[in-house]
Amino acid sequence: MFPNLPQQGRSQIQEIKEKLDIIQVAEKYLTNMKHSGPNYFALCPFHNEKTPSFSINQDLQIYKCFGCGESGDVITFIQKIEGLDFPKALEKAAQMAGVQLMSYKPDPKREKEYKEKQRIIEANTLAAKFYNHLLLNHKNGEIAREYCKNRKITKPIIEKFQIGYAPKGYDNLKRFLQKHGFEENDLLKWGLLVMREDRSRGRETGESKAVDKFRFRLMFPIFNHQGEIIGFSGRQIEKSDYGPKYLNSPETLVYKKKETMYGLFQAKDEIRRRGFVILVEGNVDILSSHRVGVPNIVCPLGTALTLEQCKLVRRYAEKVYFRFDTDEAGEKALLRGLEIAENAGLESSALDIGEYQDVDELIMNEPKKWQQSVDQPMEVVEHLINRFSKKFDLTSAKGKSGFIKQIGPYIKAIADPIEKDEYVKKIAVLVEVEESLVLQSVEDVKIATKKNAAYSPEKITEPVSNKKNAKVRITQKEYLAAIFIQKPQLVRKFKELGKIFDEWFVVFLEDLGNGKKLNDLTVSLDVEKKNVVEKLAMLNTDIEDIESYEKAAKKLVLDLRKKILRKEVDTLKRQIKKAEIQNSDYSKLLDQVKANTVELKKLAEVTSL
Ligand SMILES: [Zn+2]
């Protein structure tokens with residue numbers, strides 16, 4: 001299974017897996033795990049669902065989701081749910097199992113990359129400490145401290161986010177990091193230094209040299225969700241010729257902006273606890289929000305919201321509250337964001353902050369209002385009605401018509417007629433027009449197709465659960481097989497299994513019935529058969545006690561026997577017809593039909609007992 005591992009590494013993985021119980025590990029992450037037969041069921045942490053299709057089998061020590069297909073062992077589980085790469089997940093598993101990990105070595109290329117990643121994080125961590133020290137303690141940091149005071153960036157917030165100050169000079173950080181053994185070339189590559197024309201002697205030399213990338217800025221370290229510093233965002237302290245208002249680290253081996261959410265590390269525990277995440281546009285909003293006790297908040301940085309980011313937060317909560325700026329750009333971002341969130345299986349609501357431009361502005365003026373707003377998330381459609389209605393003069397005919405045109409597609413897309421009616425009424429009151437007229441205009445709206453609309457409104461109201469919780473399709477035969485695998489003590493009671501199942505499976509069931517262990521038996525199966533058995537072992541049969549299992553098995557055996565016999569009779573009859581045409585002897589076929597018919601009659605009597 002792990003071809004690149006030396007023998008020792010393989011046995012250590014084995015040791016870890018033996019010491020860990022997947023049920024106990026899963027319980028740390030999943031709530032409401034339910035025990036049913038040999039399996040535990042829970043809501044899948046990897047996709048959005050309302051009824052549990054995530055199954056964990058204690059005997060096999062594996063998990064499988066019948067909804068989205070995710071499956072694996074205890075280490076893959078840790079890897080997926082923590083968002084770690086394999087070496088890190090193995091480390092974590094080793095820790096949990098109390099195993100001293102010694103011999104795991106990735107291949108040389110991965111090893112080199114892994115080492116460089118560690119070095120980048122080391123350099124960033126040191127840089128953050130350096131900047132943070134300057135902000136908190138150094139005399140040169142006075143101007144930045146003043147700035148923080150004015151923006152109400154308090155000391156606890158500075159500490160929590162390790163905010164710092166990059167001074168005006170050209171080589172403060174460079175000298176500091178070089179003293180700690182880092183090379184200029186690496187620091188350039190990792191985006192802490194940049195090349196700049198050398199004007200050190202007051203004249204243009206045409207030569208360039210490496211200088212600090214961030215100068216005269218308030219520095220926000222960017223953490224990944226595991227708490228490692230992977231880059232920086234630097235904000236101008238005052239308007240100057242030191243570059244743009246915000247300057248971000250370039251992408252590196254460790255920093256991928258599409259996969260990073262600013263604030264997630266500081267927010268994730270509270271997101272889990274509160275069950276929802278607030279999405280905003282700027283990192284200053286996040287700091288203010290933490291200050292007033294609303295810490296479950298994140299924002300994308302230097303990019304519009306991406307699917308990867310949504311999937312990342314989806315690990316911690318199912319619900320997202322959007323709070324995007326009230327300008328035109330913010331509105332576009334909101335509409336686009338809603339679609340992406342839906343694709344990631346997140347349920348969206350919107351937060352209203354009245355006339356304020358952003359969360360920071362609201363908190364500066366009315367700090368208590370933010371919590372109130374968070375306590376009252378709005379339906380997205382409701383929020384859009386509010387928002388669009390403010391863009392039009394609703395006393396003029398033109399304004400009314402414009403407003404209805406803009407909100408129309410969202411109303412038309414609502415599937416629930418009662419809900420739709422409510423909104424139509426609301427709009428009618430708002431624009432002072434007959435309800436029937438509003439409804440008419442709404443129905444006349446052509447719903448934009450994906451091609452010409454950034455956000456297709458029909459997606460908002462489509463219940464996510466319906467299409468993603470597609471029922472698992474299982475045949476009667478598979479269901480019967482699942483019963484025997486999960487309750488092998490029943491196998492002995494049935495003598496005709498050879499007439500229903502393939503030979504290998506009958507042998508397998510008999511071994512199981514004779515007390516052999518499931519995971520010992522699956523080891524000797526080929527991959528295809530192993531997959532079938534594992535899937536059936538983990539299927540939710542929805543049966544509670546052993547009597548009901550037996551009853552269900554009896555009924556299924558009967559049904560299947562009858563089906564098979566009838567099918568045989570059909571085939572025989574076709575063969576007889578053919579024989580008649582060809583004038584050949586079909587007496588044996590006829591005997592077989594008779595025999596089957598007799599047996600079918602017997603089975604019918606059993607049913608009526
Ligand atoms: Zn799933």
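Okay, let's start with Gln61, which sits in the loop between β3 (54-57) and β4 (62-65). Strands here are DSSP runs of E, at least two residues, and helices are runs of H or I, at least four, both numbered from the N terminus. Before I go on: this is a predicted model, where local features need pLDDT of at least 70 and side-chain atom pairs count only at pLDDT 80 or more, while totals for chains, interfaces and linings use all residues. Residues are numbered from 1 along each chain as its sequence is written, and side-chain values use heavy atoms, with hydrogens and water left out.

Most residues other than glycine have a negative phi. Asn583 also has a positive phi, near 55°, and you'll find Asn583 in the loop between α26 (546-581) and α27 (587-608).

An unreviewed UniProt entry puts a "zinc finger region: CHC2-type" at residues 44-68; positions are in the numbering used here, feature names are shortened, and annotations may be inferred rather than shown by experiment. In the model, that stretch is 32% strand and 0% helix, with its end C-alpha atoms 8 Å apart. UniProt, again from an unreviewed entry, also gives a "coiled-coil region" at residues 562-596. That span is 86% helix and 0% strand, and its end C-alpha atoms lie 9 Å apart.

Now the domains. An automatic or database assignment sets the bounds: domain 1 is 7-97, domain 2 is 110-255, domain 3 is 264-378, domain 4 is 384-468 and domain 5 is 476-608.

I'd like to look at domains 1 and 3, whose C-alpha centres are 30 Å apart. On the domain 1 side, 11 residues touch 6 residues of domain 3, with contact meaning heavy atoms within 4.5 Å. How much area do domain 1 and domain 3 bury between them? About 570 Å², 30% of it on carbon and sulfur atoms; that's accessible area (1.4 Å probe) lost on putting the two parts together, summed over both. Pro45, Asn48 and Ile81 supply 51% of what domain 1 buries there, more than any other three residues.

There is 1 salt bridge between domain 1 and domain 3, with the cut-off being a Lys or Arg side-chain nitrogen within 4 Å of an Asp or Glu carboxyl oxygen. Lys50 and Glu347 form a salt bridge, with 3.9 Å between the closest N and O atoms. On the side of domain 1 that touches domain 3, helix α3 (residues 74-82) gives the most, with 3 residues.
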